[in-house]
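Subject: Handover of a structure and the findings on it

Dear colleague,

Please find the structure below, followed by an account of what was found in it. I would be grateful if you would read the account with the structure open beside you.

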Number of protein chains: 2
Amino acid sequence: MKIVPRNRLIYSFSPQHKPVEHVKLGEPVLLKTEDAFGGQIKNEKDSVSTLDWSNVDGATGPIFVENATPRDTLVVEILDIKVEEKGVIVTVPKCGILAEKRFKPSTRIVKVSRGYVNFEKNARIKANPMIGTVGVTPKKETPTGSLGRHGGNMDVKELTAGTRLYLPVFTEGALFAAGDLHAVQSDGELCVSAVEVSGEILLRFGLIKDKKAEWPILEAKDWFAFLACGDTLDDAAKSATEAAVEAFMREYGWNFERAYMFGSLAANLEINQVVDPKKGVRAVISKDLITLDSMLT
Amino acid sequence: MKIVPRNRLIYSFSPQHKPVEHVKLGEPVLLKTEDAFGGQIKNEKDSVSTLDWSNVDGATGPIFVENATPRDTLVVEILDIKVEEKGVIVTVPKCGILAEKRFKPSTRIVKVSRGYVNFEKNARIKANPMIGTVGVTPKKETPTGSLGRHGGNMDVKELTAGTRLYLPVFTEGALFAAGDLHAVQSDGELCVSAVEVSGEILLRFGLIKDKKAEWPILEAKDWFAFLACGDTLDDAAKSATEAAVEAFMREYGWNFERAYMFGSLAANLEINQVVDPKKGVRAVISKDLITLDSMLT
């Protein structure tokens, strides 16, 4: 098993970055990851006003995946996610979906233990460890804090252990990186931060040759989802819908009208996050009604 | 039990409409409802291009609920929903989330039986009978095809038998109406129509005196949701978030910052529909983490 340590961080996905590791298809890889703040927030007196922002949103990598070539689809099998006990959540003035309200920077340190996040004595939430940032390197350098067709800071609460992520490959070796684990996050990530934690991701790569995912595709036990984004939620919803309707046309050989109707019944638009300049919407389709092959081009 | 027949339809919620029935609190009421097209689409040769649009989006009612007074909250317990076997779905040029694409008016008649919607031979979907339009009468006349704080054409796929809906009362007797059943609809209702069916709704009214729901609130087995709307999905998401954060402040006695953080972990933003001029987003909160009392003002 290859292990990539926590100090191998990148802050942008860039074709210029040298890979920190080369891995073979099927080989288990353990990525150790830093929290979104680079571990800078140690107690509730630390707040975002004293952060070194150049150390924020780091992702562990990049990893060169052997045989991955542009026009392939990288398969990322998330085998396990472990999160540390200490989590951090913050409010950042002028950030989040209620950015126009007046409020202060504030910090809460929470304990994650026995499957729960202890936010307050009378308010604990079931933990749901998930990956905030995961992607391959696009042709043009892109900050790890942003998202796009290459993945990135997608903040999808369903991106948990046991799922598979399909990403379009843009560069030789894919140059994959991941980080920004959350112990729990709601659909929307309303205040701009979730329970940010350091931890470990155990994963394994596969490859689908000469087939492309137009958007990242997430596979869970019972469904597939296109993970789209756009400047507004409405734009993101539109892109997710287009991807779903085109997939139905390929799956069933229908015309646009028939596939559009079917989308109205079978493609659920769900919100990933609303707090990045690019908003994220997923189109979720039951595995009864679509095959992966029709979702690729 | 009071029965309201299918021909008692309104096309706007208006304080001027005479109630078609007076009911007592706790008394079961059976509403017979017409499909969204007023039964005008009988086969696949009928399309929206030949519709009489003045007979579209009818709701059965209005019903005067005894003792309901402005500033109360009306409780609508959905005891049962029955849908007919024949469902209709259409595409309407320049409508739906992909309105800017070029496509034709088209109609599909589908059979709803044994718990499934048979869209095509090789594409059947589990039925999920739900109410598209349900609301009380606001102060100002509003078309039944639109939505707002009074409810209306909210198209929430979770509004099924076994749920409870809480609506703010604006007029004496609330003047309640419902209709527009769907045999199945995805989150988003992408193409502007779902599987539109006629049917029956069995319900019962209750009342919470001197407490107000700022937005309609839906109660399912395990969660509550604020049902907000806005001119864009982003606006609707903002309103749903504000409602959730304010409810957390009341529930836990927290300041804004603490409640905003908690929203990022515990309030899930989900999409109702994206195809009305007003888009709909719900903020879903587990019953472990909120009480109804804190959601009312």
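The model is predicted, with local features requiring pLDDT of at least 70 and side-chain atom pairs counting only at pLDDT 80 or more, while totals for chains, interfaces and linings use all residues. Residues are numbered from 1 along each chain as its sequence is written, chains are lettered from A and ligands numbered from 1 in the order in which they are written, and side-chain values use heavy atoms, with hydrogens and water left out.

The interface

Several elements of chain A each supply at least two residues of the side that touches chain B, including α1 (233-252), α2 (256-266) and β22 (267-273). Helices (H or I, at least four residues) and strands (E, at least two) are DSSP runs, numbered from the N terminus. The largest share of this side, ten residues, comes from α2(A). By class, the side of chain A that touches chain B has 33 nonpolar, 14 polar and 16 charged residues. In this scheme Ala, Val, Leu, Ile, Met, Phe, Trp, Tyr, Cys and Pro count as nonpolar, Asp, Glu, Lys and Arg as charged, and the others, Gly among them, as polar.

In terms of contact (heavy atoms within 4.5 Å), 63 residues of chain A meet 63 residues of chain B. The size of an interface is often given as the accessible area lost when the parts come together. Chain A and chain B bury about 5200 Å² between them, and 67% of that lies on carbon and sulfur atoms. In chain A, the residues that lose the most area to chain B are A:Tyr260, A:Met261 and A:Leu265, together 15% of what that side buries. Buried area here is the accessible area (1.4 Å probe) that two parts lose on being put together, summed over both.

The rule also finds four salt bridges across the interface. A salt bridge is a side-chain nitrogen of Lys or Arg within 4 Å of a carboxyl oxygen of Asp or Glu. The side chains of A:Glu120 and B:Arg258 meet in a salt bridge, at 2.5 Å from N to O.

How the two copies are related

The same surface serves both copies, as 100% of the contact residues of chain A recur in chain B.

Individual residues

The terms for accessibility are as follows: buried means under 20% relative accessible area, exposed over 50%, and partly exposed in between (1.4 Å probe, protein chains only).

B:Thr137 is in the loop between β12 (130-135) and β13 (142-143) of chain B. B:Thr137 counts as buried because its relative accessibility is 1%. A polar atom of its side chain lies 2.7 Å from the backbone oxygen of B:Leu175. Leaving aside residues up to four places away in sequence, B:Thr137 touches several others, among them B:Phe13, B:Pro15 and B:Phe170.

B:Ser47, in the loop between β5 (29-33) and β6 (59-65) of chain B, is also buried, at 11% relative accessibility. Its side chain makes a polar contact of 2.6 Å with the side chain of B:Ser49.

Backbone features

The peptide bond from A:Gly61 to A:Pro62 is cis, with omega near 0°, and A:Pro62 is in strand β6 of chain A. The bond from B:Gly61 to B:Pro62 is likewise cis.

Which residues have a positive phi although they are not glycine? One is A:Arg114, at about 50°, in the loop between β9 and β10 of chain A; A:Arg114 is exposed, with a relative accessible area of 83%. Another is B:Asp180, at about 60°, in strand β17 (residues 176-182) of chain B; B:Asp180 is buried, at 3%.

Notes. A polar contact is a pair of N or O atoms within 3.5 Å; within protein, one must be able to donate a hydrogen and the other to accept it, and residues adjacent in sequence count only if both atoms are side-chain atoms.
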